[in-house]
Amino acid sequence: MNASFAPSIRHDWTRAEITALFALPFSDLMFQAQSVHRAHFNPNEVQVSTLCSIKTGACPEDCAYCPQSARYDTGLEREKLMAVEKVIEEAKAAKASGATRFCMGAAWRSPKNRDMPYVTTMVQGVKALGLETCMTLGMLDEAQAQELADAGLDYYNHNLDTSPEYYGEIITTRTYQDRLTTLANVRKAGMKVCCGGIVGMGEEESDRAGLLQQLANMAEHPESVPINMLVKVGGTPLENEADLDPFDFIRTIAVARILMPQSHVRLSAGREQMNEQTQAMAFLAGANSIFYGEKLLTTPNPEANKDMQLFSKLGIKPEAYEVHEDESEQEASIVHQLQEAAMDSLFYNAAK
Ligand code: SF4
């Protein structure tokens, strides 16, 4: 990390400035993004999260990309809310394979009050394992956000998906403002925000700029910014969408890195379709977080060991769980030892 190159954190980006970044020659854009990245992060560390679908399918919303919407026939099997014990088992397995954050997702418009005791128990159980916790449950009102924060939830994921202008082409059952209100409730309750979008949904470059402008001009940047590449699922309205050029995807990552220097930019859904070279370029552009595990909610994700092989080829190490001041030294040491043990079992010693 080199603080002397650290640019100031801005919240007043204009669309024209962002458009100009997208228009830079590719090498210049990558150089800028990499310079910003190195000023704020160790460029050879990537944060690793595991995602677990705690309730799959039958969602009443109409997000055009989503196989979980009840409106589209995608052949997805509906599942009831997963039992708390099963979630804890999955979290233990995620931790054993090196994840430091466990994200739990439910296909709901918003959680019902009867669901809250279950999800808060999940948060407490996963946190007791020494993992960071994240949930995505749809829209939250102020009281629900507070309840989750009180249970110890670290992050809440709620994406803006695309620009305000293109949003109506993708979702009609909730407004952009609904999403901003949920994000405000999450912030007010004191949780960290995970918020990004999806590219390759037929949007223009100006929409990608518009999405990043919304994120970068929030009063506080989201701590995690997932940039998803559309996974085209048969039966959804976007199943035949034209492919986005991988360079346009990398440009989006690079611009996100420049606009939000201190956020973790997450290479998210769509990684299965990317070759190793495209993923390596995404890391070079400033992506420093991935999901791994067998599933990314309901879309395939490269198997965890393939990720670890790529990390090994690139000399990347999983980022350690950031231990906060209020956690005891003893706990920090146990977490560290567990992480070391997990890492030992993931890497073979090529020098032997
Ligand atoms: S993205 Fe979320 S809200 Fe939209 S249909 Fe899928 S599960 Fe429902």
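User: At roughly what angle do the axes of helix 1 and helix 8 cross?
Analyst: This is a predicted model, in which local features need pLDDT of at least 70, side-chain atom pairs count only at pLDDT 80 or more, and totals for chains, interfaces and linings use all residues. Residues are numbered from 1 along each chain as its sequence is written, and side-chain values use heavy atoms, without hydrogens and water. Helices (H or I, at least four residues) and strands (E, at least two) are DSSP runs, numbered from the N terminus. The axes of helix 1 and helix 8 (residues 205-216), lines fitted to C-alpha atoms over the stretch in contact with angles from 0 to 180 degrees between N-to-C directions, come within 9 Å and cross at roughly 120°.

User: Which residues of helix 1 meet helix 8?
Analyst: Contact means heavy atoms within 4.5 Å. On the helix 8 side are Glu205, Ser206, Arg208, Ala209, Gly210, Leu212 and Gln213. The residues of this contact divide into 4 nonpolar (Ala, Val, Leu, Ile, Met, Phe, Trp, Tyr, Cys, Pro), 3 charged (Asp, Glu, Lys, Arg) and 4 polar (the others, Gly among them). From helix 1 come Arg15, Ile18, Thr19 and Phe22.

User: Why does Ser8 count as exposed?
Analyst: Ser8 lies in the segment before helix 1. Its C-alpha atom is 8.7 Å from that of Pro261, 253 residues apart along the chain. Relative accessible area under 20% means buried, over 50% exposed, and in between partly exposed (1.4 Å probe, protein chains only). Ser8 counts as exposed because its relative accessibility is 59%.

User: How many of the residues around the ligand are charged?
Analyst: The shell (a heavy atom within 4 Å) consists of Cys59, Glu61, Cys63, Tyr65, Cys66, Gln68, Ser69, Ala107 and Arg174. Of these residues, 5 are nonpolar and 2 polar, and the number charged is 2.

User: What percentage of the residues of the protein count as buried?
Analyst: The protein has 12 helices and 12 strands. Of its 352 residues, the buried share is 55%.
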